[in-house]
Amino acid sequence: GPRGIMELAVRYKGEQDGFSFAKDGYVRADNTDNDLYFYVLDGKDYLASPNQLGFLRTTRFRLLPFRGDYDEVTAELAKMSSLPGEDRVAVTPGDWVQVMTQDKTFALLRVGGVSGEGPGRRLALWYAYSPAVGAPVF
């Protein structure tokens, strides 16, 4: 599936404040195709499910308990049997996050850098998307 880098703006503070894995591109946070958005609360950076904004898509997240390069992370991920279950997750640079979309497709994210302050804050993410339903194969 697609792989790339996205840079999300803080929710409602820029045109690139949401991302659709199926469309492999940016959408608005409140768009019906959106899979995730970024916001800041009490000094922490979060990725969140659009359903928190209303009757939108439900995405689930799991902050992975290990770090390392792509091959190390995917090897460890293959040993895990549970599915992502959180509707938001606090992230820091270097974190790996598994995502399950409403369509039961999966993405793997690596949190890159955070830049800017206030409404100009941005979160960079590397992603790999697995478009096969129910098959988190990266």
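Two strands are taken to pair if DSSP finds at least two bridges between them. Strands (E, at least two residues) are DSSP runs, numbered from the N terminus. The structure is a predicted model, in which local features need pLDDT of at least 70, side-chain atom pairs count only at pLDDT 80 or more, and totals for chains, interfaces and linings use all residues. Residues are numbered from 1 along each chain as its sequence is written, and side-chain values use heavy atoms, with hydrogens and water left out.

Strand β9 (residues 106-115) pairs with strand β8 (residues 96-100) in antiparallel fashion through 5 bridges. Strand β9 is also antiparallel to strand β10 (residues 122-130), here with 8 bridges. Leu-109 of β9 stands opposite Val-97, and in β10 the bridge partner of Leu-109 is Tyr-127.

Between β8 and β9 lie 5 residues, whereas 6 residues separate β9 from β10. In the turn of the β9 and β10 hairpin, Gly-116 has a positive phi of about 80°.

Most residues other than glycine have a negative phi. Lys-104, located in the loop between β8 and β9, has a positive phi near 65°. With a relative accessibility of 44%, Lys-104 is partly exposed (buried means under 20% relative accessible area, exposed over 50%, and partly exposed in between, with a 1.4 Å probe and protein chains only). A positive phi, near 50°, is also found at Asp-24, which belongs to the loop between β2 (18-20) and β3 (25-27). Asp-24 has a relative accessible area of 36% and is therefore partly exposed.

Definitions and conventions: Helix = DSSP H or I, 4+ residues; strand = E, 2+ residues; numbered from the N terminus.
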